[in-house]
Amino acid sequence: MNYISTRNKKHSVSPSRAILDGIAPDGGLYVPEKFPVFSTEELVIFREIPYAERLARVLERFLAPDFSFEELYSFALRASEKFDGDECPVVKVDEEIYLLELFHGATSAFKDMALSVMPYLMQAAKKKQKDDLKTLILVATSGDTGKAALEGYRDAEGINVMVFYPNDGVSGVQKAQMTTTEGKNVFVSAIEGNFDDAQAAVKSIFADREFGALLLKKGIELSSANSINIGRLIPQIAYYISAYVDLASSREITVGEEINFVVPTGNFGNILAGYYAKRAGLPIGKLLCASNKNNILTDFFRTGEYDTDRTFHKTVSPSMDILVSSNLERLLFEFTDRDDKAVTELMTDLKEKGKYSVGNTVLTALDREFFAGSADEKATKETIMNFYDAYGYVLDPHTAVAVSVLEEYLSGETDDTKTVIVSTASPFKFARDVYEAVSLLKAPNAFTALKRLENFTGAEIPEPLKDLDMKEPRFLGAIKKDAVKDSVLEYAEKI
Ligand SMILES: *Cc1c(COP(=O)(O)O)cnc(C)c1O
């Protein structure tokens, strides 16, 4: 299977090239040339096999023949060692309420699902491409990708990682996870600005050919671990299929029956993987796109206009505080019937005018497959409290946004389709806000909040978040957003 650019279909490369490039040379995003289709018989087989094998089979369909099943399976097995128990259990909280827990990896957020396997894909991609350059991965993070990349790539041979996060835009626990990170090949810095500033700074470095050439002279190539990279996106398809077959195994559904997913959304990577799973034959009815107070996607799905001229809100679900959702470009590509010229025009509008619009045909087609809604801060906190009161289950704020949007959907629509809530983080990552939401009490700092949340709810602090306050911070710097390039150059001199 080859990968083509959303801005030029004729630009077609192997998966290993796409993984190394991250972004296509024309600024477009790589997408699969066509979608593989999993048959009902295959889904039945999937029921019987453990997650690592499910993951390997999904990867194979998207990455073969460049990658063989044997190597993909060995990567999936190694990734699976980084999880405590099941990678992505489906938890039944009540009749017809299912949570797909994606936070059992090394950093307690769903980014681990892909970033535990992506380093192996990248190292193998380098070998296949006979690439002996040093790879420098630049990450702009709203909190969770950063730490997951730092853990995933820690001490990986031939690869270094630099992470930039918005200084006031991540939770106390997230910040502590990143500043105390270990490994010889990693660098972390805060930047003064919000996530979009961090993402824009990193994107502009990728787009700067002169700078790229300068690094190349030093034997360094840049790459990304964000969900613009297909090495991050493709592994995420597997857990949609896994959730489906698990529900079939426990006889909640029969194979072939449609189900819905509600997905807390920021950069549109997670929900796009759900859409790709649907295109690959998974019986999915609606995908519910849940936004927080930064509800640009909700407006887009309702009006067809994507307009970034709006206030950026800092919320209790910081990993969704995003105005420019990069992966929407991939969805637009599909819904314009793969019209690369149209996508290029839309993206030019976005760059030049800060907005774009799609016509009614696209909007109507989107409406058939997606529902979009949003939850403000009050609704998010109330959902955490109500859900805890009703089920004794503690939601993280991102997942609470999804639950709130599901309620919104069901209040306006009669839809008996069973729905899986995609649960993206452990509540302990956002301990202060969650503790306040369930107890109506305040904790003075993130570390106290972790312990109090544990005592109050009886839920256990996950291993990766224990003893964070005992670790010595290694990276305390904060730089201005226009100093990111200098910082990359300085680090490049040292590796
Ligand atoms: C990254 C993240 C999201 C948003 O996922 P996207 O793929 O960016 O849409 C939601 N919740 C949590 C906890 C996250 O870390």
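I count a polar contact as a pair of N or O atoms within 3.5 Å; within protein, one must be able to donate a hydrogen and the other to accept it, and residues adjacent in sequence count only if both atoms are side-chain atoms. This is a predicted model, where local features need pLDDT of at least 70, side-chain atom pairs count only at pLDDT 80 or more, and totals for chains, interfaces and linings use all residues. Residues are numbered from 1 along each chain as its sequence is written, and side-chain values use heavy atoms, with hydrogens and water left out.

**Ligand**

I looked up glycine 266 first. One of its polar backbone atoms lies 2.7 Å from an oxygen atom of the ligand. For asparagine 267 I again found a polar backbone atom, 2.7 Å from a ligand oxygen. In lysine 111, a side-chain N or O atom is 2.6 Å from an oxygen of the ligand. On its own the ligand has 390 Å² of accessible area, and the protein covers 98% of that (Shrake-Rupley method, 1.4 Å probe).

I then listed the shell by class: five nonpolar, eight polar and two charged residues. Here Ala, Val, Leu, Ile, Met, Phe, Trp, Tyr, Cys and Pro are nonpolar, Asp, Glu, Lys and Arg charged, and the others, Gly among them, polar.

**Rings**

I found 24 aromatic pairs (Phe, Tyr or six-membered Trp rings, centres within 6.5 Å; planes under 30 degrees apart are stacked, over 60 edge-to-face, the rest tilted). Phenylalanine 300 and phenylalanine 301 pair edge-to-face, at 5.5 Å between centres and 70 degrees between planes. Both are buried (under 20% relative accessible area, 1.4 Å probe, protein chains only).

Note on methods:
Buried < 20%, exposed > 50% of the residue type's maximum accessible area, 1.4 Å probe, protein only.
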